[in-house]
Amino acid sequence: MLEIRDLHAAVNGKAILKGLDLTVNPGEVHAIMGPNGSGKSTLANVLAGRDNYEITGGQAILDGHDLAELEPEERAQAGLFLAFQYPVEIPGVSNMEFLKAALEAVRKAQGKEEWDSVTLLRKAREACKQVNLDAQFLKRGVNEGFSGGEKKRNEIMQMLLMEPRLALLDETDSGLDIDALQTVARGVNSLRSPERGIVLVTHYQRLLDYIVPDHVHVLSDGRIIKSGGKELALELEQKGYGWLTGEEESA
Amino acid sequence: MSSQAELDKVIRSEYEAGFTTLVESDTLPPGLSEDVIRFISAKKGEPEWLLEWRLEAYRKWREMPEPEWAHLHYPKVDYDAISYYSAPKSMEDRPKSLDEVDPELLDTYKKLGIPLHEQEMLAGVAVDAVFDSVSIGTTFKEKLAEAGVIFCSISEAVQEHPELVRQYLGSVVPKSDNFFAGLNSAVFTDGSFVYIPKGVRCPMELSTYFRINEANTGQFERTLIVADEGSYVSYLEGCTAPQRDENQLHAAVVELVALPGAEIKYSTVQNWYPGDEDGKGGIYNFVTKRGVAHDHAKISWTQVETGSAITWKYPSVVLRGDHSVGEFYSVALTRHAQQADTGTKMIHLGKNTKSTIVSKGISAGKSSNAYRGLVRMGPRAENARNFTQCDSLLLGDRCGAHTFPYIESKHPSATVEHEATTSKVSDDQLFLCRQRGIDPEKAISMIVNGFCKEVFKELPMEFAVEAGKLLEVSLEGAVG
Ligand SMILES: Nc1ncnc2c1ncn2[C@@H]1O[C@H](COP(=O)(O)OP(=O)(O)OP(=O)(O)O)[C@@H](O)[C@H]1O
Ligand SMILES: [Mg+2]
């Protein structure tokens with residue numbers, strides 16, 4: 001369902017992705033690992049359509065849609081969800097208000113029935129419970145004053161409600177304590193389905209103990225330089241990236 | 001699409017209240033002289049003392065220089081090119097009730113979403129509608145009368161309650177207070193009058209709706225609200241004007257008197273025509289609004305300003321009595337080439353007086369938005385306290401926001417706190433919304449509404465919703 005072929009992309013004119021190939025089939029979980037600055041977040045942002053992230057070559061196709069031709073909101077409506085590495089605050093706009101607007105737009109575009117406010121509130125409360133967020137968070141401004149871990153859980157809460165076709169999670173595990181990590185993993189696992197693809201960007205094997213991936217890829221300097229099964233992550237944990245990139249591991 | 005292009009689309013929306021009503025009007029030829037003032041006064045059948053009052057104001061006004069200190073730029077207004085009186089012909093013989101009002105006029109208000117027929121009205125809101133220079137009718141009069149509340153046009157109050165008008169008119173804003181107040185005192189045509197008797201809690205929201213229709217006329221309304229001891233009233237004004245290429249002048253005066261223990265809550269939703277993208281046309285809004293709070297009284301100004309080519313307006317509170325409270329909550333949105341210079345003055349005279357200022361400025365397009373606030377702690381203002389918060393939000397990078405706080409403290413125990421922030425609707429915020437499927441237009445209006453939340457929650461319920469919609473409309477554009 002997601003088909004990325006020879007993707008080249010530039011950020012503010014600077015080439016970051018340099019010929020990336022990746023295929024995600026429904027039901028699969030892919031983990032993308034790789035050194036800092038290798039282009040992982042760039043890939044997520046390019047797919048989601050952030051401003052100034054420009055596709056300069058190749059293609060990314062989601063369920064037959066050429067993503068380059070869609071506005072960011074249209075990509076979301078086509079079922080693409082990005083859980084941000086650094087979720088931003090929107091002061092004064094309540095989480096609930098935000099969810100309502102998002103779900104209205106996306107469900108309408110997907111031809112799903114609209115949720116009335118009672119249903120919405122019930123579902124939102126359930127989703128909060130699933131990620132261990134107090135329902136009070138629905139009334140607070142989007143990410144406003146949330147702790148780092150709360151922001152990440154808030155992203156997963158939104159994802160549970162949006163029921164995406166393709167979920168991209170950019171370092172959702174960073175900054176989580178061990179309990180929160182398990183909570184988030186449970187949330188993500190509950191979304192695993194034969195209908196859905198999941199792409200996890202992570203630096204740590206730890207997350208992959210809880211969300212076991214079907215495929216693991218190593219991204220380096222804008223290209224996938226190695227792919228394998230879940231054992232690849234274990235190997236990376238032990239050896240670092242140096243043996244793959246041909247450089248000494250600095251960390 | 002770049003976010004600048006996105007923002008441009010969003011802010012380039014149309015003015016929805018820009019239509020003109022075709023009614024025959026009696027409009028005075030342009031120009032100002034003592035004769036014009038005599039004409040207005042005679043037309044209104046005013047007593048001699050009021051004519052004298054006007055003439056005195058006029059003579060003083062002629063000697064006053066026009067203020068130039070505000071952060072505003074505009075061609076000089078030619079005061080002789082303005083007509084100072086315009087009334088729909090059908091109002092010649094004042095209709096006795098709304099049933100006798102020209103349907104064309106009622107229709108105007110209906111189109112604007114202000115139905116004047118009581119059966120269609122928002123429950124619990126009484127409306128006085130002012131069309132160009134005259135009030136065309138006030139609703140819910142009987143119900144208010146039962147509570148002893150007087151709510152009528154100021155012309156009517158001059159006839160029916162001259163002693164109240166004479167006692168309080170000009171008591172808060174003296175006739176030579178400033179250039180625009182002076183002009184208003186000379187030529188004011190209509191406006192609303194409210195009196196709440198001792199200990200009465202006004203049973204409904206009161207509201208005045210101002211509409212400028214005729215071309216080349218100015219609107220000089222005068223509003224006077226007196227809340228007697230221990231009473232309470234919540235009052236709302238709304239304003240629109242047709243879309244025209246010429247600039248029109250609006251120079252109003254609003255005076256509030258909160259006697260001991262009284263509370264006045266005054267809310268404004270101002271949506272005068274702002275002019276087009278290049279700054280052509282639009283209302284010049286030069287308004288003097290001030291209230292005096294006596295012992296234990298409270299005056300609270302809440303304003304949502306989205307219109308006018310130029311806004312010059314500083315609703316103020318004189319905290320004369322001990323333990324009196326003044327509040328100012330403001331949202332000012334400017335776009336296109338609009339200029340706003342607005343803020344407040346809190347003059348602390350009494351002991352233990354307290355004031356709060358929350359100002360939210362939103363600038364888009366090539367507009368300029370300035371907050372100008374004065375907090376003065378007088379020599380008697382023991383333990384007086386002020387808290388000021390000024391936040392500016394910029395949409396795009398061709399607009400400007402400026403903050404000019406002035407603080408004068410003559411009492412060592414007085415405390416003044418000031419916080420100011422400037423932020424942009426960030427690309428990150430916009431992207432988060434869009435990534436969740438929300439279109440950019442809706443996203444921006446949601447973010448802006450969120451920014452204004454602290455102020456909107458001060459508005460009466462029905463109007464908070466209205467204000468939110470108004471912002472949405474003001475920010476709306478066809479995003480293709
Ligand atoms: N706006 C930008 N302007 C210029 N360069 C950028 C911009 N955004 C990202 N880059 C560069 O692109 C490269 C890839 O960044 P990216 O954020 O995709 O890395 P990452 O793999 O997600 O790293 P990390 O593991 O640290 O999150 C980096 O060298 C980064 O500095
Ligand atoms: Mg990253």
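**Figure 1. A:Ile61 faces A:Asp66, a residue of strand E5 in chain A.** The model shown here, and in every figure below, is predicted. Strand E4 of chain A covers residues 53–62 and is joined to E5(A) by 2 bridges. These two strands run antiparallel. Helix H1 of chain A packs on the sheet, where H1(A) touches strands E1 (2–11), E2 and E4 of chain A. The direction of H1(A) makes about 105 degrees with that of E1(A).

**Figure 2. Four strands of chain A form an open sheet.** Which order do the strands take? Their order is E2-E1-E4-E5, and the pairing is antiparallel. Strand E2 (14–24) and strand E5 (65–66) of chain A stand at the edges. Each of these edge strands has a single partner, so one side of each has no neighbour in the sheet.

**Figure 3. Strand E1 of chain A pairs with E2(A) and with E4(A).** The pairing of E1(A) with E2(A) is antiparallel and has 8 bridges. In this part of the sheet, A:Ala10 is opposite A:Ala15 of E2(A). The hairpin made by E1(A) and E2(A) has 2 residues between the strands. In that hairpin, A:Asn12 has a positive phi near 45 degrees. E1(A) and E4(A) are also joined by 8 bridges and run antiparallel. Here A:Ile4 is opposite A:Ala60 of E4(A).

**Figure 4. Two residues of chain A coordinate the magnesium ion, ligand 2.** Which atoms coordinate the magnesium ion? They are OG of A:Ser41 and OE1 of A:Gln85, at 1.9 to 2.4 Å. A:Ser41 belongs to helix H1 (residues 40–48) of chain A. A:Gln85 is in the loop between strand E6 (80–83) and strand E7 (90–94) of the chain. The pair links distant parts of the chain, 44 residues apart. Is A:Gln85 buried or exposed? A:Gln85 counts as buried because its relative accessibility is 15%, and the limit for buried is under 20%. A:Ser41 has a relative accessible area of 22%, so A:Ser41 is partly exposed.

**Figure 5. Aromatic rings in chain B form a cluster.** A search of the whole structure finds 14 aromatic pairs over all chains. In the pair of B:Trp61 and B:Phe179, the ring centres are 5.3 Å apart and the planes are at 40 degrees, a tilted arrangement. B:Trp61 is in helix H3 (residues 48–62) of chain B, while B:Phe179 is in helix H8 (residues 179–187) of chain B. The pair therefore ties together parts that are 118 residues apart in sequence. Both B:Trp61 and B:Phe179 are buried. B:Phe179 also pairs with B:Phe180, with 5.2 Å between the ring centres. The planes of this second pair are at 90 degrees, so the arrangement is edge-to-face. B:Phe180 is buried, as is B:Phe179. The cluster consists of B:Tyr58, B:Trp61, B:Tyr79, B:Phe179, B:Phe180, B:Phe286, B:Trp312 and B:Tyr314.

**Figure 6. Two arginines of chain B lie over aromatic rings.** The charged end of B:Arg201 is over the ring of B:Tyr232, 4.0 Å from the ring centre. B:Arg372 lies over the face of B:Phe404, at 4.8 Å from the centre of the ring.

**Figure 7. B:Val187 is a residue of helix H8 in chain B.** Is B:Val187 buried or exposed? B:Val187 counts as buried because its relative accessibility is 0%. Not counting residues up to four places away in sequence, B:Val187 touches B:Leu32, B:Ile37, B:Ile40, B:Arg54, B:Tyr84 and B:Phe220. B:Val187 and B:Arg222 are 35 residues apart along the chain, and their C-alpha atoms are separated by 9.8 Å. For chain B as a whole, buried residues make up 64% of the 480 residues.

**Figure 8. B:Lys457 is in a loop between two helices of chain B.** The helices on either side are H10 (440–456) and H11 (461–475). With a relative accessibility of 60%, B:Lys457 counts as exposed. Between the C-alpha atoms of B:Lys457 and B:Tyr329 there are 9.8 Å, and the two residues are 128 residues apart along the chain. The secondary structure of chain B comprises 11 helices and 23 strands. Among contacts in chain B between residues at least 6 apart in sequence, 84% join residues at least 24 apart.

Key: Residues numbered from 1 in each chain as written. Chains lettered and ligands numbered in written order. Predicted model: local features only at pLDDT ≥ 70, side-chain atom pairs only at ≥ 80, totals over all residues. Heavy atoms only, no water. Donors = N, O, S within 2.8 Å, 3.2 Å for Na, K, Ca; no water. Buried < 20%, exposed > 50% of the residue type's maximum accessible area, 1.4 Å probe, protein only. Phe/Tyr/Trp six-rings, centres within 6.5 Å; stacked < 30°, edge-to-face > 60°. Lys NZ or Arg CZ within 6 Å of the ring centre and 35° of its normal. Pairing = 2+ DSSP bridges. Contact = heavy atoms within 4.5 Å. Axes fitted to C-alpha atoms, helices over the stretch in contact; angles between N-to-C directions.
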